[in-house]
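Hi,

Here's the structure I said I'd pass along.

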Amino acid sequence: MTMFKINKAVFFLILILSLATCLRLWKLDSIPPSLYSDEANLGYNAYSILKTFRDEHGIFLPVSLRSFGDWKPPLPAYLMIPPIYLFGLNEFSVRLPSAILGVGSVFLIYRLVNLIFLSASFRGKAALLSAFFLALSPWHLLQSRASMLVMVALYFLQLGVYFFLKGKTDRRNFYWGSLFLTVTFYAYYGMRLISPLLFLILIIYNYREFFRKKIWLKSFLIVLLMITPLILGFIKNPDVVFGRAKTVSVFYDRGTDLRLWELTTQDGISADPLITRFFHNRPYQFGKKILSNFFTHFHGKFLFLEGDKSQPFETPGMGILYLFDGIFIPAGLFISLKLRSSFGKFFVIWLIISIFPAALTFMVPSSNRTFNAVIPLSVYFSLGFYYFSRKIHSRILAALFLTVVYFSAFTYFMKIYFISIPENYSHIWNYGWKQATGFVQKQAADYDNIIVSDVGMPYIYFLFYNKYDPARFQKEAVRSYAADQFGFEHVLGFNKYLFINEMDWRETKNSLMDNTLYLVHKDRMGEEVGSAEVIKYQSGLPAVNIFRN
Amino acid sequence: MLCRWPETDNFMSVFLLLTLISIFNIIIRFFNSSARFNSSLTAFVPVVLYFYLANYFKRKKIALISSFIFSLLPQTVALGRIASPVNFQVFLFLLFLICFSYIRKISVRIGLFFLWFYISFLTFRGFWFYHSYPQNSVYKLMENIFNLTSFNLLFFNNVTYYWGGVRENGILYIALLPFFLIGLFTLIRSKTTNIISVTAVIFILTVMSPSYPESKEIFMAFPMLSAVTGRGFYELWHRNNLLNRLFTGFLILFLIYETAQFLHYYFIHFPLE
């Protein structure tokens, strides 16, 4: 009987993993329809490190990629090196690590739920349901199929938590847990806050085993060893750690300060300064803002209807979860809180910690920065689903109903993701630059200059698709290193390419340079029409206009 | 036909506290206000709420806490100070709920419901269902439900208050958030969900309003939200744990600060803005 049960679970797990693999690898190179600038950037930096051991800025084996001035953690780029070496610099190689780790993440949630609810009768079913939910989750699929930092980070976080929890049975697992949790520091910025907090919680959960026989000392030594490169990088340049944080931080946004100034002014000069300070102060205003940001991530409109509106994480017409998850997830959360086991509450803490870093930024709600929350939400879904299935008397009818509902929702998502986005929303993924580079490559020899309107960091596409020699680019790149309003640094030019950030074609066209090719993104065209060539989105609308002079 | 009145062994202390709550309400409504009748009426809504909740929870403390929380809410204060007829509707609604909770006979309950509906119709035409059709787009309804049940509306920015109303705060103060969540959890766990059901009905009526988010129906749910919060407060405070007490103490201090913030905003900034 036991043998049969094990086999059944394994069979279902294999089915789920196969499904997850198909969904993550099918048409990986062409859907999403274009490499987003961040993906192209990571890919080219991986290529650059492969060829020269240096990133695009010429830094030897970087611990943080300066990239567009957003100081990306480097692990995803390092993971891209083997596929790039094997398959060349292309979309598939760049996205492959994320896709593989996405499947790995589905497997890990199965193991994790089995481990956490060890004594619960439902653990086997809950583990399978969690894996199933994650395999089909729109949120998880979107991040797995794109080469984003957060997918890599999530995988190593799960691995770290898994090994740390396994430490109860074999203490050597604490070392692995510490190692993988620290690895996440190099995968995504937010993990530098999330991982230590989770690490702390895990230590509290396992303090008896962890503080025995100097395990804690060895674990901390591993952590110290792992973060040493980051510390050394930080000493050389603090931006290695805080570069991105300072530009996306809630404190960088002037709105709150301006409101504070407005309220203080309204109090008038006759008001007692102490009372004015008492009512209008930064701790209260920013505290309120951070709390509001935090809870925005639980807004039903964000979760179930609209999702993340920022590029490229948008899935038009749906949220980051399926609509009916809204029934099972709260039920699962309730059950989780009701459970006597402290591990039942572990996922609540995981959920809160996952959202906290996003609350400290001003662009909310964000599906990218809160991606780690997909794990506790999957677990809640499985608990809620299991609970409902137990409550319904007619199992077959319930199964049929739920299958139809789930299948409809999943089909709807598939239609949006695999058909609508490539056909009608390819602009979300910066479509057009690959085609433009292909066109220019054939013509470049005939022109002295190629001037490009700088929308979506086009320089990286010219480097990526032309497989431009990294050593040459490191010498030729002209950069101002001045951050724009969003904190990004632009490349002004290299070789015969010139990139103009605020190009307005209506003005530029009056003073054209001789023997020059102009590539103007549709956002910089104004009302102008007519050009020698037009690169179009798949919907047929113009993306990049090409002018010759 | 009638069930028993709740135990009143601490009659004097309840009376004293209710009087204090009423005095607080009268002061906060009459200070620099011209809407006399409405102000005096709404000052006693917390008292009616107390009697309803004392019977519902069978615990006077929860009823007292909830009544006090209700009197502190930004929109209760703001609406109490103006001639808004919706105040009378809340008063009437709570009276109806009290009668409803004491009467067991179904036919009398149905009769009572129609009586309440009739009086409400005669005295107030502001509710959309007296003069209009509901919203008919499913997507819009879902969007409205999500907005109405969002933390943003409940604790940060009450957009249901009509244009020109105080939108600097949510329906409840941020300090009440932990109490609200604990209250909700406790009520669901103990399967005492009548209050949640009534709130759900009011919320559904609210989201169907053609003038949503500026719908007046939502104010009928405020006493219920106060009750959930009061239940949470009671739950947290009555767990004899130093950490809980410290946390509750901190939240009370923060609530005082937030109330002061609201009153400062209401009397100084609101007229300017």
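Predicted model: local features only at pLDDT ≥ 70, side-chain atom pairs only at ≥ 80, totals over all residues.

**A serine to start with**

Ser93(A) is buried, at 0% relative accessibility (buried means under 20% relative accessible area, exposed over 50% and partly exposed in between, with a 1.4 Å probe and protein chains only). Residues are numbered from 1 along each chain as its sequence is written, chains are lettered from A and ligands numbered from 1 in the order in which they are written, and side-chain values use heavy atoms, with hydrogens and water left out.

Back to the serine. You'll find Ser93(A) in helix 4 (residues 91-116) of chain A; helices here are DSSP runs of H or I, at least four residues, and strands are runs of E, at least two, numbered from the N terminus.

Most residues other than glycine have a negative phi, and most peptide bonds are trans. A cis bond joins Ile31(A) and Pro32(A), with omega about 0 degrees, and Pro32(A) sits in the loop between helix 1 (2-25) and helix 2 (37-52). Another cis bond runs from Val364(A) to Pro365(A), with omega near -5 degrees; Pro365(A) is in the loop between helix 19 (342-359) and helix 20 (374-391).

As for positive phi, Leu61(A) has a value near 30 degrees and is partly exposed at 38% relative accessibility. Asn430(A) has a phi of about 60 degrees and is buried, at 12%.

**A helix pair in chain B**

Helix 6 (residues 86-102) and helix 7 (residues 106-123) of chain B have axes that come within 10 Å and cross at roughly 170 degrees. That makes helix 6 of chain B roughly antiparallel to helix 7 of chain B (angles over 145 degrees count as roughly antiparallel, under 35 as roughly parallel, 65 to 115 as roughly perpendicular and the rest as oblique). The residues making the contact include Phe96(B) of helix 6 and Trp116(B) of helix 7.

Trp116(B) is buried, at 14% relative accessibility. Leaving aside neighbours within four places in sequence, Trp116(B) is in contact with Leu92(B), Phe93(B) and Phe96(B).

**The cores**

Which residues touch the most other members of the largest nonpolar core? Val161(A), Tyr459(A) and Leu519(A) do, among its 249 residues. A nonpolar core is a set of buried Ala, Val, Leu, Ile, Met, Phe, Trp, Tyr and Cys residues joined through side-chain atoms within 4.5 Å. Helix 7 (residues 149-166) of chain A gives this core its largest share, 14 residues.

Cheers

Definitions and conventions:
Axes fitted to C-alpha atoms, helices over the stretch in contact; angles between N-to-C directions. Contact = heavy atoms within 4.5 Å.
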